[in-house]
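Q: I am new to this structure and would like to learn how to read its features. Could we go through them step by step?

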Amino acid sequence: DELRKGADHIKVMACGGVGSPSDPLETIQFTREEIAAAVQEARRHGKYVCAHTYTSEAVRHSVEAGVRTVEHANFIDHDTASLVASLDAFVVPTLVCYEVTAEHGVKLGLSPVVMDKLAMVNEAGIAMLDICAGAGTRMGFGTDLMGEMEYAQSYEFTIRSRAQKPADILRSATTVNAEILQQSGRLGVIRPGALADMIVCEGNPLKDVTLLSKPDQNLR
């Protein structure tokens, strides 16, 4: 149904979420057969499936069923990250979502259960970057921010810089993301015929990628 309506990809919930108070993060949701069916239908249309995951079990559950990208994946371990790499899949970290949501959690009226979940995923996030880099897992660039907190999406560059080199972060946000979206050669590159939004940065983001976290100051 979603593909008939024009979806570019299908996202499934492979485990519990942070914002939902009644399903623990480690809870596996869709069955392997259900995920495989989604993957099969998406591939028939030249599309792909991504999965909301946190734990290594949820990541394995997803990629072994053919999922192309796993979102979040904060609690992934080295063996599972290596499996993702071996299956030509991707991890898409979304660290800014948890940090900014936790910062505004009380004002937003989030429950203690949700705040506890935010603390857990925040603590694991930076370690996940090191684990995936060490396993050779390709990482995209995401935020998962919603509503009034979308103002902070560029702060993901600063958070990622705590564990990654600027060039690797920029590749995640450009060429890797283009590959994930099945748009290599059209997005994430500067060449004739590409769909390119070009920006001028005050300073060199290859030396200080946090410049991109302040677009009002540094981007023209």
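A: The model is predicted. Let us start with the second largest pocket: β1 (9-13), β2 (48-55), α4 (95-103) and α6 (112-135) each supply at least two residues of its lining.

Q: Which of these elements gives the most to the lining of the second largest pocket?

A: Helix α4 does, with 3 residues. The volume of the second largest pocket is about 340 Å³. It is lined by 19 residues, and Val18, Gly19, Cys97, Asp144 and Met146 are the closest to its centre.

Q: How many residues of each class are in the lining of the second largest pocket?

A: The lining has 11 nonpolar, 6 polar and 2 charged residues.

Q: What is the volume of the largest pocket, and which residues lie nearest its centre?

A: The largest pocket has a volume of about 960 Å³. Among its 25 lining residues, Phe157, Ala173, Thr174, Asp197 and Ile199 lie nearest the centre. Helix α8 (residues 166-180) gives the most to this lining, namely 5 residues. By class, the lining of the largest pocket divides into 18 nonpolar, 6 polar and 1 charged.

Q: With which residues is Val49 in contact, leaving aside its neighbours within four places in sequence?

A: Val49 is then in contact with Ile10, Val12, Ala38, Val39, Ala42, Val67, Arg68 and Thr69.

Q: Where is the place of Met120, and why is this residue described as partly exposed?

A: Met120 is in helix α6. A residue is called partly exposed when its relative accessible area falls between the limits of 20% for buried and 50% for exposed. Met120 has a relative accessible area of 44%, and therefore counts as partly exposed.

Q: Which residues are in contact with Met120, again leaving aside its neighbours within four places in sequence?

A: They are Leu25 and Phe75. Met120 and Leu25 are 95 residues apart in sequence, and their C-alpha atoms are 9.7 Å apart in space.

Methods: Residues numbered from 1 in each chain as written. Predicted model: local features only at pLDDT ≥ 70, side-chain atom pairs only at ≥ 80, totals over all residues. Heavy atoms only, no water. 1 Å grid on protein atoms, 1.4 Å probe; cavity = no way out; pocket = protein on both sides within 12 Å on 5 of 7 lines; lining within 4 Å. Points joined across faces, edges and corners; volume = space filled by probe spheres on them. Helix = DSSP H or I, 4+ residues; strand = E, 2+ residues; numbered from the N terminus. Nonpolar A, V, L, I, M, F, W, Y, C, P; charged D, E, K, R; others polar. Contact = heavy atoms within 4.5 Å. Buried < 20%, exposed > 50% of the residue type's maximum accessible area, 1.4 Å probe, protein only.
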